[in-house]
Amino acid sequence: MGKIAVLDDNMINMIAAGEVIERPASVVKELLENSIDAGAGKITVEIEDGGRAMIRVIDDGGGMDAGDLALAFEPHATSKIRTSEDLGGIRTMGFRGEALASVGSVAKVTIISRMADSIGAHRIEIDCGQKSEVRPCSGDVGTTIEVRNLFYKLPARRKFLRTPATEMSHITEHFSRIGLAHNSLDLTLRHNGKEVHRLLSGQGVAERIAVLFGEALASDLLETSRAERGMQIQAFLAKPFAARASSKYQYLFLNRRFIRDKFILHAVREAYRGLMEPSKYPVVFLFMQMPPENYDVNVHPTKVEVRFDNSNLVHSEVLAVLRDKLLSTNLDVGGMVPRGDFSADESLDLSTVFESDSRKERIQQAMKDFFDKPASAQPQRTFSFKPTHSGPKPSAGSPVGVPLPDMPDFQPESVSENWLVKEFLQVHNSYILLQSEEGFVVIDQHALHERILYEQMCRRLREGTLVSQRLLMPHSFEVTNAQLEVYEGQKDLFEKLGIELEPFGPNTLAVQAFPALLEKAEPVEFVKEMLDKLVEEGGQADEERLLHEILDMAACKAAIKAGQALSAEEIAKLLKDKDIVQRTSRCPHGRPTTITFSLKELEKQFKRTGF
Ligand code: ADP
Ligand code: MG
């Protein structure tokens, strides 16, 4: 006896609906996308009861005739693609032909539509798969789709719906994404008769961000763009100090479609590396354009994921545009230099020293000041240093494994023997200056040390040689139940990192041993933060990523601070480690730690300024 039967269309649609239509917000998203594909200029979304009672989308787009209406609810009915070749270059929001069929199988839907050249409109209804005839009726040019009683024949799904306020916040989120990506459209969102958002056509993106997320967030954004290697990127990014505790304000759009992409989010994190607490999420709005032939959107039913033909290119372009902007911007806030790793009272007030507004200019100015001053007025921290190292010549090339932003003549330096130097100088307790054959280099002491620690930890973890040091006294501290729980679940991770942690009475843990490499970090503070991070991730992060985030955090915490005076020995050690680490590094990361100034560049500068 055969057990296999082919499912009927309505069952197929209901199953598809399970993938595409999760909640009212998914309906809103699909309907908005259809209106955009229909060439609408004005779209109004009306919601009742968080979408549970009703969702109505009214557009002034191209509309459908009677024949199209009869087909619109059929599974795999689409006007947007015809052949498999079309799949290679999708230019519309939809193409799978499942949205209307799905919604029609799980709700009561009415469509009224009229094409521009038609004298009247037509109407069709569908009630959980039961279609009516198409009938003529009156109506404006465009399409109105009304969805009532979503999931009413699927109590299990209906029970899953949250409060109207929660469902509405999901709807608003989808509406906002569309609004950001399509700023030429006039868009309105209403809930229970009240206007939630009105976005006027022709608003700039920055203006829309202000309307949707508030003036405070919008006014702090930096804007930048880049068009290279077949990719156009427009970015609005917040300064590092405005980073958030969640990834909510990380908006990525590819050809006006909101997407989530691990590679791109990684590039964003990299761009901010060393500039803020690694556990935070920078605020970014990225609008990318590239030929649709260069990626595949047909990876996931909701099309929120894409597959790039060349994800490395995307990664490096995003990293470049963001980092370029961050490095050329004065990131000071109220006279303080926000750096994730030191508190306000330790921080260094550079604003009076560095008045020009780009980092490059600030450094140049500081250099000029230094060389301008009479010898007696110069800082007293000049040391001699003969490197003990005499290994093979390190390979040339950039120490950061990613393409660097365009900064002609200011390329981050690779370590080479030509600057195994005689003299160095610490300025403002933050930068180290060295003479090189071509000119001189400026090293950011915190960034460099952070990078060294990160690389060393990576390597020792790989080799299993991360040495931990027993503390003289166990450092005990109180923990919450949630922290205790993640500690129980992640003992391996602590062990791997060389952190020995043991229960020490009720709701108390004690650090018994701590990695020697992190000697500058405070063990309890570090472990607490790590536990918080684990609690926050809720056991969801993949282990590899988590580990790297923790290494990031560790490096940032244990690194020499900006504003910290260093002895000659400490500087010498730093420079020696730089050499060793970079020759052996296999996980290159991050922003430049070193900037080279060539003699050529200096000559140019000084001539221009009359020297
Ligand atoms: P898809 O968008 O993937 O093509 P849908 O199920 O969302 O599939 O829609 C099916 C078809 O119905 C679309 O291809 C389009 O031709 C038509 N359609 C849907 N919504 C509208 C609208 N608002 N205006 C005009 N045509 C529409
Ligand atoms: Mg569609």
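Student: Before we start, what does "buried" mean here?
Tutor: Buried means under 20% relative accessible area. Keep in mind too that this is a predicted model.

Student: Which strands does β1 join by bridges, then?
Tutor: One is β8, residues 186-191, which runs parallel to β1 and is joined to it by 6 bridges. β2 is joined to β1 by 6 bridges too, but that pair runs antiparallel.

Student: How many bridges join β3 to β7?
Tutor: There are 7, and those two strands also run antiparallel. Valine 109 is a handy residue for seeing both pairings. Its bridge partner in β7 is valine 147, while in β4 it stands opposite isoleucine 126.

Student: Zooming out a bit, how many helices and strands does the whole protein have?
Tutor: It comes to 18 helices and 24 strands.

Student: And how much of the protein is buried?
Tutor: Of its 611 residues, 52% count as buried. The accessible surface is about 28,300 Å², and 51% of that belongs to carbon and sulfur atoms.

Student: What about contacts between residues at least 6 apart in sequence? How many join residues at least 24 apart?
Tutor: Of those contacts, 71% join residues at least 24 apart.

Student: Which residues is threonine 224 in contact with?
Tutor: If you skip its neighbours within four places in sequence, threonine 224 is in contact with Ile233, Gln234, Ala235, Leu237, Val321 and Lys325.

Student: How does aspartate 296 count, at 29% relative accessibility?
Tutor: Aspartate 296 counts as partly exposed because its 29% falls between the 20% and 50% cut-offs. This residue is in β15, a strand made of residues 295-296.

Student: And what is aspartate 296 in contact with?
Tutor: Leaving out neighbours within four places in sequence, it's Glu305, Val306 and Arg307.

Student: Now the empty space. How do you even find that?
Tutor: You roll a probe the size of a water molecule over the atoms, and that shows where empty space is left.

Student: So how much space lies in the second largest pocket?
Tutor: About 680 Å³. It's lined by 30 residues, and the closest to its centre are Asn34, Met64, Ser79, Lys80 and Leu100. Elements giving two or more residues to that lining are α2 (24-37), β2 (54-59), α3 (66-72), α4 (99-106) and β7 (142-148).

Student: Which element gives the most to that pocket's lining?
Tutor: α2 does, with 6 residues. By class, the lining has 13 nonpolar, 8 polar and 9 charged residues.

Student: And cavities, how many of 30 Å³ or more are there?
Tutor: The count is 10. The second largest cavity has a volume of about 110 Å³. Its lining includes Arg269, Glu270, Tyr272, Glu450, Asp552 and Cys556.

Student: Which elements give two or more residues to that lining?
Tutor: Those are α9 (262-272) and α16 (543-558), and α9 gives the most, with 3 residues.

Student: Last one: how do the residues of that cavity's lining divide?
Tutor: Into 4 nonpolar, 1 polar and 6 charged.

Methods. Residues are numbered from 1 along each chain as its sequence is written. Chains are lettered from A and ligands numbered from 1 in the order in which they are written. This is a predicted model: local features need pLDDT of at least 70, side-chain atom pairs count only at pLDDT 80 or more; totals for chains, interfaces and linings use all residues. Side-chain values use heavy atoms; hydrogens and water are left out. On a 1 Å grid over the protein atoms alone, a cavity is a set of points where a 1.4 Å probe fits but cannot get out, and a pocket is an open set with protein on both sides within 12 Å along at least five of seven lines; lining residues have an atom within 4 Å of a point. Grid points are joined across faces, edges and corners, and a volume is the space filled by probe spheres set on the points. Helices (H or I, at least four residues) and strands (E, at least two) are DSSP runs, numbered from the N terminus. Ala, Val, Leu, Ile, Met, Phe, Trp, Tyr, Cys and Pro count as nonpolar, Asp, Glu, Lys and Arg as charged, and the others, Gly among them, as polar. Buried means under 20% relative accessible area, exposed over 50%, partly exposed in between (1.4 Å probe, protein chains only). Contact means heavy atoms within 4.5 Å. Accessible areas come from the Shrake-Rupley method with a 1.4 Å probe; for residues, only the protein chains shown count as cover. Two strands pair if DSSP finds at least two bridges between them.
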